[in-house]
Amino acid sequence: MGSEGEGRDAGARPDGAAPDERPGARDGPAEPGEECVPPGPSVILASLDELVDGLVGLVDWGIGLVSVKPLVNRIARPIFGWSQRASIFALHSGLACCAMEMGVVGMPRLDSERLGVAWFSSPRRCDLFLVNGWITKKTRPVLMTLYEQMPEPKWVIAMGECAISGGPWHDSYNVIFGADELLPVDIYIPGCPPRPEALLDALWKLQKKIAREGTRSGLRLG
Amino acid sequence: MTQMWINMGPQHPSTHGLWDLLVRVDGETIMEAQTKIGYLHRGVEKIAENRTIEKFLPLNDRLCYVANSSWTTLFTMAVEDLLEVTPPERAQYIRVVVLELQRIASHLVWLGAYGADMGLLTMILWGWRDREIILDLFSLLTGARIMHNFPRVGGVRNDLPPTFKDRALKAMDYMDQRIPEYEDLCGRSELFAMRTRGIGVLPLEKAISLGCTGPMLRASGLEQDVRKEEPYLVYDRLDFNVPTGQNGDGWDRYTVRLEEIRQSASLVRQALNNMPEGDVMAPGFKMPKVLPAKTIYRRAEDPRGEGAIYLVGDGKTNRPYRLKIRSPTYVHLLAIPFYIKGARMSDVPVIMGGADPCMAEVDR
Amino acid sequence: MMGTAATQKAGEENGSAGAPPAAGGPGGFQQRVLGELGRLQGTVTESSVTGPRRMLAKVAPDKIVEVCRLLRDAGFEHLSALTCVDYDSELQVIYLLWSYKDRCLIELRAAISGAEPKIASVTSVWTGAEFHEREAYDMFGVVFEGCPNLKRVLLPDEWSVFPLRKSFKVESIHEKRKRIEAEKAKAAKAAAPAAAPASEPAQPPKQGGTPDGAPAPKGGGAP
């Protein structure tokens with residue numbers, strides 16, 4: 001609610017109507033002889049939806065009136081930030097050797113799930129894109145598609161030397177020298193490969209970053 | 001029913017790497033398939049032509065991220081053939097220990113992923129947890145969990161640390177206790193049997209004609225192992241069996257690899273107990289400024305099959321003129337369309353997993 | 001080297017290897033294979049035993065399928081690898097065959113021209129040859145006539161370079177940086193507008209591929 005309400009004009013209603021002209025609200029039967037039939041389920045649901053929207057808009061308008069929006073943001077943002085950082089879903093995409101160390105982080109010895117990090121195969125449900133291997137020219141559209149399929153907010157961690165700068169493949173004709181040529185990277189983990197504890201540390205740092213920066217909105221293209 | 005092409009990959013939980021299996025399905029049955037690889041192609045063979053042997057050596061670890069030392073050892077053996085150097089016996093025994101530990105670690109990765117693809121998530125937790133014990137041994141010996149950079153041309157980098165032998169023997173005892181647990185979990189599971197028996201059958205004639213090697217070929221029935229055919233290092237002095245299957249289905253690939261873990265544990269024990277004292281580097285060996293003008297084809301038993309290196313020296317520089325890496329999984333993955341017809345969509349992870357893909361070695 | 005009826009080194013003298021094949025090893029098999037290859041006059045120009053389990057034969061490229069079929073029936077059932085080596089004068093196509101029963105490897109070398117590399121495909125002998133041939137096509141540009149699916153396998157489909165040819169030069173990131181700095185220094189020094197193109201058109205661009213994926217123009221000799 002904190003960030004979503006910011007863009008909206010404080011006095012407007014969601015459907016654009018004036019506060020009195022709510023659809024479905026009447027003072028009496030429209031025509032003589034028409035019975036006051038109670039509205040059917042769909043009408044109730046539709047008006048419930050609008051009721052909730054209306055209430056939200058009303059509260060927003062009220063908050064804007066008394067200028068406690070920054071205060072509300074200050075309370076709401078950490079709550080959203082906490083829920084986002086405590087349940088990061090990472091994309092199950094292993095490119096190369098660092099993917100082995102990424103896999104180890106989910107395994108019993110290091111157990112990323114105690115940090116809330118779980119791995120999911122579908123990018124549509126993920127927040128975190130771990131680039132963990134060298135990127136080749138053939139892979140570039142694949143990674144861009146995966147990144148674009150992820151909904152906002154999303155973060156990118158570049159794991160390993162190959163994702164930071166191309167790694168040991170500096171004279172390869174097919175390797176792209178760094179993930180930040182394609183994606184906006186939040187955290188870089190050096191190492192070839194980094195120890196899985198380093199990835200765990202990076203996940204902690206990412207959590208701190210989310211706590212500090214709050215929920216992210218908007219698409220930044222690097 | 002209309003048929004359609006479904007794209008399984010490049011990002012897919014069962015592929016374990018970036019590759020693409022396009023399948024044309026009629027309902028649930030697969031009519032045709034195509035494999036698309038190359039998403040991880042770095043041009044390692046071209047890079048090798050621009051680097052000296054010592055500078056190229058650490059890159060061999062990255063040739064297969066699951067079985068690193070087996071490619072570095074193969075490369076050093078190829079260079080040693082070219083330069084006609086023999087490493088001392090102790091170094092050869094140490095290399096055998098590292099190779100067999102690497103084989104166990106690689107098969108545990110495979111076993112975990114195989115079970116996980118079928119939904120048997122306990123297997124991946126157990127398998128990778130036990131692999132950590134072997135990676136601890138590697139850390140102790142070489143300093144790194146993966147990417148050891150341990151063999152050198154003429155020997156190995158360092159001798160065994162004092163506690164290594166005891167810890168390794170204890171680890172092998174631990175593995176021997178775990179293997180029956182894996183058999184209990186997977187082998188006696190009806191669901192596992194239903195999902196692997198009769199799935200992805202590859203008859204022996206077809207396997208040989210396609211060029212499949214290693215566990216894929218052994219599962220199809222041929223008792224073939226490069227360590228027995230062309231013994232390298234000290235394998236001719238060690239005693240081990242080569243497990244085979246009968247039908248070449250997913251079940252046989254599982255039993256073959258599980259038995260290989262057991263055999264590798266026994267090999268590690270034998271090598272550690274019979275290791276002679278001595279140097280670990282060929283005394284007085286220095287890399288020459290110029291590689292001799294010879295061609296070498298050196299084969300070895302990678303956990304995935306027959307890995308080989310074709311190395312051409314040109315007699316003028318200390319860089320290889322041509323380095324060809326024969327990857328077993330390259331053949332296995334491109335061979336999948338030849339035996340997947342008639343399988344169902346839900347069998348695809350089992351078939352993909354049975355080939356044990358390691359994409360860095362496929363795409364090089 | 002292309003099919004010339006040079007003197008055949010039949011295996012009977014066994015003069016090429018250092019030691020004769022070990023007793024109990026594949027010696028008898030090797031002699032038999034050498035005998036069979038020796039019968040193919042003009043096709044197999046040199047066949048020899050080069051090590052305890054290694055043999056070598058140079059084959060005329062137009063008869064490669066026949067020789068491969070003969071060797072497969074003689075026991076070399078496994079095509080271990082099929083690759084190429086780019087020499088100045090020629091392009092050699094290498095076939096590495098392994099016999100499971102007799103435990104011996106034979107290396108066949110077929111020399112074809114670098115300018116128009118074409119050779120018959122051996123997929124009729126081994127189905128799996130297709131995979132190696134696709135890679136050889138991808139890396140070297142060799143066209144294998146008769147290969148069922150001769151498309152690029154490792155590089156992106158739309159590329160038109162053949163990277164493992166010696167004419168394709170790759171420069172490392174350090175060299176690229178030095179080159180750019182050197183060019184900048186040169187351009188800065190020669191402040192007059194007619195300065196720069198002294199070094200440019202003399203050599204083809206060395207860059208293996210620009211970051212946006214456009215491949216470099218092919219070097220000389222690649223088809």
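Modeller: Two residues are in contact here if their C-beta atoms, placed from the backbone, lie within 7 Å. Bear in mind that this is a predicted model, where local features need pLDDT of at least 70 and side-chain atom pairs count only at pLDDT 80 or more, while totals for chains, interfaces and linings use all residues. Residues are numbered from 1 along each chain as its sequence is written, and chains are lettered from A and ligands numbered from 1 in the order in which they are written.

Colleague: How many helices and strands does chain B have?

Modeller: There are 14 helices and 8 strands in chain B, counted as DSSP runs numbered from the N terminus (helices are H or I, at least four residues; strands are E, at least two). Its radius of gyration, 20 Å, is close to the 21 Å that the globule rule gives for 364 residues, so chain B is as compact as a globular protein of that length. That radius is taken over C-alpha atoms, and the rule is 2.2 Å times the number of residues to the power 0.38.

Colleague: And which domains is chain B divided into?

Modeller: Domain 1 covers 1–41 + 340–357 and domain 2 covers 44–326, with bounds from an automatic or database domain assignment. Their centres, over C-alpha atoms, are 27 Å apart. Domain 1 of chain B puts 11 residues into the contact and domain 2 of chain B puts in 13.

Colleague: Switching to B:Ser264, where is that found?

Modeller: In helix α11 of chain B, residues 250–273.

Colleague: Buried or exposed?

Modeller: B:Ser264 counts as buried because it has 23 C-beta neighbours inside 10 Å. The cut-offs are 20 or more other C-beta atoms within 10 Å for buried, 12 or fewer for exposed, and partly exposed in between, with C-beta atoms placed from the backbone. Leaving aside neighbours within four places in sequence, B:Ser264 is in contact with B:Glu100, B:Arg103 and B:Ile104.

Colleague: What about chain A against chain B, how many residues does the contact take?

Modeller: It takes 28 from chain A and 25 from chain B. On the chain A side, α3(A) gives the largest share, 4 residues. That side divides into 16 nonpolar, 9 polar and 3 charged, where Ala, Val, Leu, Ile, Met, Phe, Trp, Tyr, Cys and Pro count as nonpolar, Asp, Glu, Lys and Arg as charged, and the others, Gly among them, as polar.
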